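The following report describes one protein chain, moving from its overall form to two individual positions. Please read it alongside the sequence and the coordinates.

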Amino acid sequence: MNSIVIVSLWILLHISNTSCQDEKISVLRGEKVELACPIDIATCGELHSLKWFKGTERIAVVSGDGEVAKVEGSYNDRLSLSHEAQTSRLIFRSVEIADEDTYLCETTFLEPSELCENSGAYSVALNVNAVPSVITLQDGNRNSIKNGSHIGPMREGQDLQVVCEVYGARPEPVISWHRSGRVVRDNLVVEEHNGLYTVKSTLSLTLSRQELGATYNCRVEMKDLKLSVDNQFHIDLQVRPTKINLSGVEHHTVQGTKVLLQCQVSGARPAANMTWYNSSKLITEESSEMTSINTKTYLQNDGTFETISQMIFTATRFENGASMRCEADNIVMREDMDRPLHDTLTLEVMYPPVVSVKPENITVNETQDFLIFCDYEANPASLESVKWYRNSQEIKLNSVRYEGGNPEQTALLIKNSTRHDIGAYTCELSNSIGFDVSDNEVYVDVIYKPTVMLTMDPEAPVIENDQANITLLCNIVDGNPMLLTKVRWFLDGEFLKELPECEEETLGTDENLCEVDPSKMLLQNVGREFIGNYSCEGFNAAGWGDVSEENPLDVYYEPGNASMVHYPYIAIKRRSVTFNCSIEDRGNPAATRYRWLRGGKPVLDVVTPSWTVDPVGLDSRTTFSCFAYNEGGEGYPAEVNLEVHAPPAFIQKLQPYTGALFSTANMSLSCRVECIPSCSISWFKDGIGIDESDERYYITNTYLPAEPATGDFESAYSVLHFNMSAWPNGILDRIKDSSNYSCVSTNNSAGPGVRSTTYFGVEYPPENTSLSSTTISVEEGKIPPKIVCSSRAYPEPAFYWTRNGEIIAKGSALIVDDVLERSDAGKYTCTAFNKHGNHSTDAYIDIHYKPTCQIMRKEVEDEDVLICVATGSPRESEFEWSVKYANDSLQSHRIKSDPYESYLTLDDAVSAMRIYVCVASNNVGMGTPCEIEVAGYVAWWLKGDVLTPYILIGAVAALLLAVILVCIIIICICRRKRRQEKFTGESSTAGGSQIEPGEYENLPFHGLQTPPKKANDTITAKSNTYIF
C-alpha cells in the first residue's frame, strides 16, 4: 500500500514539474520565507490531514484539527508550521541554497464532496538567490585594483592583464568589459560550488598610444536580482614624444641684441625634458649670466603633453656661426635607450671690431721714433674709422710727428719722441655695426734726466735730548727712469759727500759701500751742531740732474738754569707776594714761557716769568719753584721756601648779642684769634678789665695749631667762664648783670691787636601776661573790637591765640574781620612764649542777640497755665501777652513774670477758642512773637487731657464688673433656694429613707432619688430624675 502511495506521489510530482507550478517564489539566501497551502473546507469538507513534500521527501505533517503539527527529520531545527482553518504555512526561518526545490502540499479530506475541485496537491517552486559576496579587480600579479584607480605608469608596447572576478553569486552572473561604451572581448571561466557561482573574466591588452586616456569598465549583471555593478580603472600610459621644432632667428642678428629661440615638443607622456646645446656645449642658466631658459608644459586633450622651452640670450661674437641645438626625450626613450629628438639652428651674429695692440711695451730715449700696431677681428671686416688714444686721451694725428692711424693703415708711427709721449696707448676701430677699443694697451717709456727734492724723516725740527736719527731723502720728482743710481749731498751749499762711496770698477764687490741706497743719508744723534740747510743732486741712466732746493734742519734744545727772587721777603697773610724767575740761556727756540710749582704741584694757569700770589694764605707757607721751557725741553728749576706771618684776626669772635637764662648753672664766653708770631687775649666788662682774682669768673687760654682744612694759621683760644656759685643766690640779676663783654688780643710784628664785643643779656620766660579787655560784649552780626595781649619777658615774647585748642591767630592782637554769630561766643586764650617758656591768659566774648520764645501749656497747682520761656543774650527779658484776632483784654487772667519766664493762668469762664501771643524783649530788642491756640473752657471729661480717655474706660469697666458680680450672686442664691425646697417635700421610693440634700451632689448620677446599692445595678432612665 505504501509503495502505491509513493509511486502516485512521484507521478504527481513529475507531472507538476513538467507542467506549470501553482506558485513560484524567489528569495535571497538568509531571508525568512513562508510557503502557503490553501485549504478549501467550504467545498471539500472536513480536513483529515495535510502533508508537505520537498521533491519526493515528506518533511512535515499536520492533523486536520491542527492539534498535531510535526516537522520531520533534519528540518525540525529550521522549519516551523502555522496551521489555520483555510491556510497552512510552512515557514523557513533562514532560507539556504539547498532549500531551493519544488514543494508539494497534499491535503486529505474525510468525506470530500463532489463539488470539491481539489486535486489533493498544491505545488510551490522556491528559488533561492544569492548576492555576490565579493567583486574584485586584480592585475596579472593578483594585486587588487581599486574602483576608479589608475594602473601604471606603463609604457606603450607592454602587456596588461586584468581579472574581474565574482564570488558567491546565484544565479550565474554575467560579466562584460567595456571601453568608451564598446564591449571588449574577454576570457570567461565559470565555477559552481554548493550552488554558488564563481565567475572570472580576464581582459588581456597590448598597450599602444590608442590607450591614452582610456577607461575600462567591468560590468557585473544579475537580471533576476536587478543588480548591476561597475568597476572601473584607468591606464596611466607613458609614450615617447613624436615631434620637435626649433624656431627663432631667420637671417642674422647683431651683437648685444636679445635673441629668442623656441623649441616645441609634442606627443609625450610624461612631458619631455628639454636640453639646449651650443654646438656640443651644454647651455644652462648657471653657465651664463646672460642666458635665461623658461620651459612650460601644457596638457593636451589626448592626455599627452606639449612642452615649449624658450631660451633668451644676448648675442655676442662668439655665437657667430654657432649651431644652436634643442634636444628632447622622456623616460620612455631613456629606458629604451633611444636617442633624443633634436633640431638645430645656425646663427649669424654681426659684431663690431675686436681690437688688440702690440707690442706690449716700448722703451726709447728722448728724440727717438717708435711704431705701434693695431690688430682686429670684425663682422663685417671693412672699417669706417681708426682712432688712437694715449692715457685715454685721443691723439690728434694731424701733426707731422704721426704717420698711419687710418682704415688702410691702422699702425701708428711716432717720430722724435719726448717725455710727453710716455703713456698707455690704445686703438679704437669702428665698422657699420659699432666700434670697440682694444682690450689691451701698449706702454711706451721715454727716459730723461731726473729732477729731485730733498725731504727729512722725521721732518724737522727735532729735539736734541731725544738723540734722534734723521734720514735725508733725495726723492726723484721727475725723470725716467725714476731710479737714482748716484746722489751728491750738500750742507749750506758746500759739498758733503757722494753716495755710494765706491769706485765704478769695484761696483758690486763691496756690499757695505756700493750696494747702499744713494738716495738716503743718515744723520745720527742729531744735536745743535747739525743745524743748517741741506740739498742734493741725482743721477740716472739719462745723466746728472739739477741740484734740489735747500731744506733747513732745525734742532730744538732746552733753556739754561733758572734763578728766582721774591718781594717782600716775609709774606703777610691776606696780602700779596711777587716772584720773579730769570734765565741766561733761552734755548732754541727762545723760551718765552715758564712753569711754576707750589708745594711741588704745578700751577697750571701761570706761564709768565713773574708771578704775584694774592692773597697769601696758609697754603703759601711752602716751597715755590720755577723753570723756563720750550719745545726742546725744560730748564733746571730755581726754588725758595716762603715764610708767612699773620696779623691778629678773629677766627671766632663774640656774637653781637649773647643771652642766658637768669637761673642758668653754666655760662661762658669764648673767642679765637689767629696770629703769627703769637699773641695773648684779655677780657673786659663794660670797658673794665676782668681780673683773674675776681671769684665770679675764671679764664682758660690755649694756643692752637694751624688748620690746613680751613686755611687758619696758629691761633690763641680764650674762654671766660661764669662761676655761678659766686653770684648772689646763684642767679643773675636781670638789670645789673646785663652788660657789654669784650675780648682783646695783643699786637704782633704783622699787625695790631683786635677787639670783639658782645652785649650779654639776662633772659627770663614770659610773665604777667595781660589783656586790653578780658570781657567783650558784642551784638550778633557785628565785628568786635580788637583785643591786645601783652607780657613781660626777655627776649621779647611772641604771641598766638587759641580757641577750643586750635590756633586761630598769631600776634599780640586778636583782630576779627568778619561779623560774629552766637556760636562764636566763648573763651579765647592768648599765649605769650619765648625760648624759655610760655604764659597764657583768657578773654571772653559774649554775643548779644534778641530773645526767642516758646509757649507751653501745663497744669500748675490744679490751674491751667500757659508758660512763655525766652532764650536770648542777655537772658533777662521782659514779656508781653496778647490775644490774636480779638479785642478781648487779659484783665481776667493772672500774669506772673520773672526775667526768664512768664506765666498766664487761663480763665475757666472763657468758652471761645483763643490764640495767645507772647513777645519777649531784652536790651538788644524785641524778639519774634510766639503763639499757641487754646480752646474754650469745657467739662473736665471733654478736655483734651491725655488721661481722660483712660479714666472713662476704667469707670465703664468697673461698672460692668459690678453688674456681673451682682447677677452671679443672685443666680447662686436662687439655685440654692430651689434645691432646699425640692428635697424637703419628697422621700426615697426604695425604703423610705431620707437622703440628705447634697449627699451625692459630686457623683456622676447627681440627683438620683434612690442611690444604687451595688456597682452592677441597672439604672433606668424612666425611674430616675436628673437635674442639670
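Predicted model: local features only at pLDDT ≥ 70, side-chain atom pairs only at ≥ 80, totals over all residues.

In terms of secondary structure, the chain has five helices and 78 strands. Its radius of gyration is 78 Å, well over the 31 Å that the globule rule gives for 1028 residues, so the chain is more spread out than a compact globule. Along the principal axes, the C-alpha trace spans about 185 × 160 × 70 Å. Among contacts in the chain with a separation of 6 or more, 63% are accounted for by residues 24 or more positions apart. As to charge, the chain carries 87 positive and 139 negative charges, whose mean positions are 11 Å apart.

Confidence is the next topic. The mean pLDDT of the chain is 85, and 90% of its residues reach 70 or more. Over residues 1-19 the pLDDT is below 50, and this stretch has 11 contacts in the model beyond near neighbours in sequence. Residues 985-1028 likewise have a pLDDT below 50, with 31 contacts in the model once near neighbours in sequence are set aside.

Two loop positions can be described in detail. G751 is placed in the loop between β63 (739-745) and β64 (755-771), and because its relative accessibility of 14% falls under the 20% cut-off, G751 counts as buried. Leaving aside neighbours within four places in sequence, G751 is in contact with P647 and P648.

V816, for its part, lies in the loop between β69 (813-814) and β70 (826-834). With a relative accessible area of 24%, V816 is partly exposed, since that class lies between the 20% and 50% cut-offs. Beyond its neighbours within four places in sequence, V816 is in contact with I783 and P784.

For each of these positions, a C-alpha separation to another residue of the chain is listed below.

| Residue pair | Positions apart along the chain | C-alpha separation |
|---|---|---|
| G751 and I681 | 70 residues | 15 Å |
| V816 and I787 | 29 residues | 9.3 Å |

Technical notes. Residues numbered from 1 in each chain as written. Heavy atoms only, no water. Helix = DSSP H or I, 4+ residues; strand = E, 2+ residues; numbered from the N terminus. Rg over C-alpha atoms; globule rule 2.2 N^0.38 Å. Contact = heavy atoms within 4.5 Å. Lys, Arg positive; Asp, Glu negative; His and termini not counted. Charge placed at Lys NZ, Arg CZ, Asp CG, Glu CD. pLDDT = per-residue confidence, 0-100. Buried < 20%, exposed > 50% of the residue type's maximum accessible area, 1.4 Å probe, protein only.
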